[in-house]
Amino acid sequence: MPKFHVYWIFTKKAFLRSAVYRFDVWSRLGSNLIFLLMWGSIWTALYAGREEAGGISFQAMLTYIVVSQFLTGVNGAGTPLWEIQEKVRTGDIALELMRPFNVPLRYLFADFGSVTFYIVTALLPIYAILFIFMDFTLPTDIITWVSFIAAAFIGFLIRYCIEMSFGLLSFFLVETGGIEDIFYFAMSLLSGSVIPLWFFPEWLAKIAAYLPFQGIYYIPNAIFIGEIAGGEILLSIGLQIFWLIICYFLLRLVWNRASHKVVVQGG
Amino acid sequence: MPIIEVENVRKDFMIAKRETGMMGALKSLIKREYMRKEAVKDISFSINEGEIVGYIGPNGAGKSTTIKMLTGILVPSSGNVLVNGLVPYENRQENAKSIGVVFGQRSQLWWDLPTIESFELLKEIYQVSNQCYKKNMDTFTEILGLDEFLNTPVRQLSLGQRMRADIAASLLHDPPILFLDEPTIGLDVVAKEKMRTFIKEINHERKITVILTTHDMEDIEKLCERMILIDHGMKVYDGEIAMIKERFGKIRTLIVDLEESLHSLQLLGGEVCKEEGNRYWIKFNRDEVSASELIAQITKTHSVKDLTVEEPAIESIISRIYQEGYKDLQVSAKV
Ligand SMILES: Nc1ncnc2c1ncn2[C@@H]1O[C@H](COP(=O)(O)OP(=O)(O)OP(=O)(O)O)[C@@H](O)[C@H]1O
Ligand SMILES: [Mg+2]
């Protein structure tokens with residue numbers, strides 16, 4: 001049984017560590033805003049002055065992109081994947097296997113720390129300003145806010161499990177070059193991070209519906225702008241939890257295989 | 001009661017053969033060929049509580065592989081390992097609490113944290129009580145001089161500082177067993193000496209069992225009474241260092257400086273093995289002739305300016321074993 005006290009320490013340390021790398025925070029925020037600007041312009045052009053498209057108002061669509069970009073910032077602030085891959089590759093991960101804690105859980109809690117730091121010091125202030133000065137659709141009731149935060153958090157966990165599993169999986173494939181690009185492209189497309197699922201052609205929407213990626217961006221975004229509302233919220237969060245459980249077991253499986261390989265092969 | 005038991009342990013690594021060229025790459029996609037590398041072939045030993053044992057052997061002998069199996073981060077291909085009553089690789093996290101480990105080649109501290117924060121992190125991970133933490137930190141700071149770099153990030157530490165930090169970190173949770181894989185590698189003479197003093201002291205005061213690998217025979221000579229010598233994954237010697245000296249150390253060297261240089265120096269029971277100007281190195285077997293007999297022979301005909309008798313260092317014994325093999329040496333030592 002993991003003792004959460006131990007993991008909490010990693011959260012604290014990662015939070016403090018982020019403070020040391022402030023430049024990192026600013027450069028990350030910079031590129032985040034550039035992408036926001038880019039996608040904002042693209043969608044403005046696509047709407048071409050129309051008030052609404054596909055039943056979604058321009059204002060709601062813009063809000064969707066802004067929230068999505070905010071969550072992209074949140075999801076990207078943890079330990080970079082290559083750092084863990086590198087540790088597995090060099091066998092350094094073995095040194096962590098020797099400690100009395102669960103390694104994936106330790107990285108997750110460390111991510112909580114660095115992500116919190118990034119949200120508090122960079123994302124929240126900037127996006128708050130955006131919301132104050134621009135005309136976006138803000139949820140008006142507390143239930144939507146709470147559901148959004150819950151959905152975003154579950155989405156974060158889903159992404160963590162998927163990305164970590166993938167990162168560890170690449171350890172078994174000899175050369176991953178191309179696969180990695182395809183994976184990230186698929187994740188960004190099918191999660192609805194830049195194009196909401198309702199604009200997908202039917203066949204693609206069907207594929208997306210049967211995959212866990214929608215839980216990362218699409219569901220929280222859509223809850224935020226009120227596209228998913230009422231009883232549908234519970235249903236969507238239920239779906240997220242379903243995928244989270246599956247992705248968790250996937251991660252466990254891959255992790256056990258990877259660490260097994262390390263202890264048998266010596267990394 | 002042995003605290004560490006290793007029984008007929010073997011470790012093979014399967015190394016994937018790298019095929020060259022396009023065809024090779026395609027072939028390896030379908031079927032990869034593996035090469036078996038026997039890192040440890042068949043090793044058994046047991047170590048009692050409170051011992052310091054030197055685990056030595058030439059490069060690639062299988063020392064680090066053995067240590068890794070004892071820590072649980074490598075699974076033996078066959079055989080049994082028992083550390084403090086546990087099978088390490090089956091109880092990695094439990095085993096972690098009763099061992100301290102230092103790999104001289106790579107630090108286990110958090111790279112970008114100030115050293116003190118690594119210690120604090122370890123305190124939490126191993127759930128060391130405040131009182132115990134303070135006691136240990138005070139002791140380690142005093143002996144190892146940690147205070148000079150506690151606030152420096154680990155990546156900025158010098159090798160010697162890093163090694164001191166690493167060994168202190170490995171002992172924070174009061175483990176009864178300590179594994180040291182080349183703890184003096186790359187250290188200067190003074191730092192080595194400090195490290196040895198520290199190891200000796202914690203072994204003495206806390207009765208910690210220590211296994212130590214090193215290429216510096218002075219470490220062995222100063223720290224260990226027992227040594228296990230391995231080569232090509234096999235144990236070739238396991239016993240007291242005094243014994244090995246006794247057995248192989250019969251050949252001594254007498255070094256004399258004469259007033260005049262000679263054409264040749266003929267001695268009964270001794271053999272000149274090297275000369276340089278007026279200085280002669282004379283090898284002799286202590287069982288056949290005593291040093292004083294040799295000296296008497298020389299002074300009869302020559303005037304001697306200076307002389308010394310060299311005991312064989314364990315260093316030279318070991319290097320002979322590496323070169324000639326233990327068995328051969330055993331035979332030659334008898335005659
Ligand atoms: N992960 C691994 N995969 C394949 N072969 C390995 C692996 N680790 C070690 N070996 C091989 O096993 C043998 C023993 O290695 P080991 O590291 O135990 O030697 P050592 O006695 O510690 O040597 P040194 O004194 O150089 O540190 C070597 O031939 C090495 O190449
Ligand atoms: Mg080694």
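Begin in chain A by selecting helix H2: A:Val25, A:Leu29, A:Asn32, A:Leu36, A:Trp39, A:Gly40, A:Trp43 and A:Tyr47 are buried there, where buried means under 20% relative accessible area with a 1.4 Å probe, counting protein chains only. The cover over these residues includes strand E1 (52–53), strand E2 (56–57), helix H3 (58–75) and helix H6 (103–133) of chain A. Helices (H or I, at least four residues) and strands (E, at least two) are DSSP runs, numbered from the N terminus.

This is a predicted model, in which local features need pLDDT of at least 70 and side-chain atom pairs count only at pLDDT 80 or more, while totals for chains, interfaces and linings use all residues. Residues are numbered from 1 along each chain as its sequence is written, chains are lettered from A and ligands numbered from 1 in the order in which they are written, and side-chain values use heavy atoms, with hydrogens and water left out.

Stay with H2(A), residues 22–47. Its end C-alpha atoms are 37 Å apart, which agrees with the 38 Å that its 26 residues should span at 1.5 Å a residue; the expected span is 1.5 Å times one less than the number of residues. Just after the helix, A:Ala48 has a positive phi of about 45°.

Next, go to chain B and select residues 130–144 and 159–171, helices H5 and H6. Their axes come within 11 Å and cross at roughly 155°. That makes H5(B) roughly antiparallel to H6(B), a term for angles over 145 degrees. In H5(B), B:Asn136, B:Phe140 and B:Leu144 meet B:Arg164, B:Ile167, B:Ala168 and B:Leu171 of H6(B); contact means heavy atoms within 4.5 Å.

Now select 226–231 and 234–240 in chain B. These strands, E8 and E9, pair in the antiparallel sense over 6 bridges; pairing requires that DSSP finds at least two bridges. B:Met227 has B:Gly239 in E9(B) as its bridge partner. Which residue in the turn of this hairpin has a positive phi? B:His232 does, at about 50°.

The last stop is an open, antiparallel sheet of 4 strands in chain B, in the order E11-E12-E10-E13. E11 (270–276) and E13 (304–310) stand at the edges with a single partner strand each, so one side of each has no neighbour in the sheet. Between E11(B) and E12(B), residues 279–285, there are 6 bridges. Look for B:Gly270 opposite B:Phe284 in E12(B).

Technical notes
Buried means under 20% relative accessible area, exposed over 50%, partly exposed in between (1.4 Å probe, protein chains only). Axes are lines fitted to C-alpha atoms, for helices over the stretch in contact, and angles run from 0 to 180 degrees between N-to-C directions. Angles under 35 degrees count as roughly parallel, over 145 as roughly antiparallel, 65 to 115 as roughly perpendicular and the rest as oblique.
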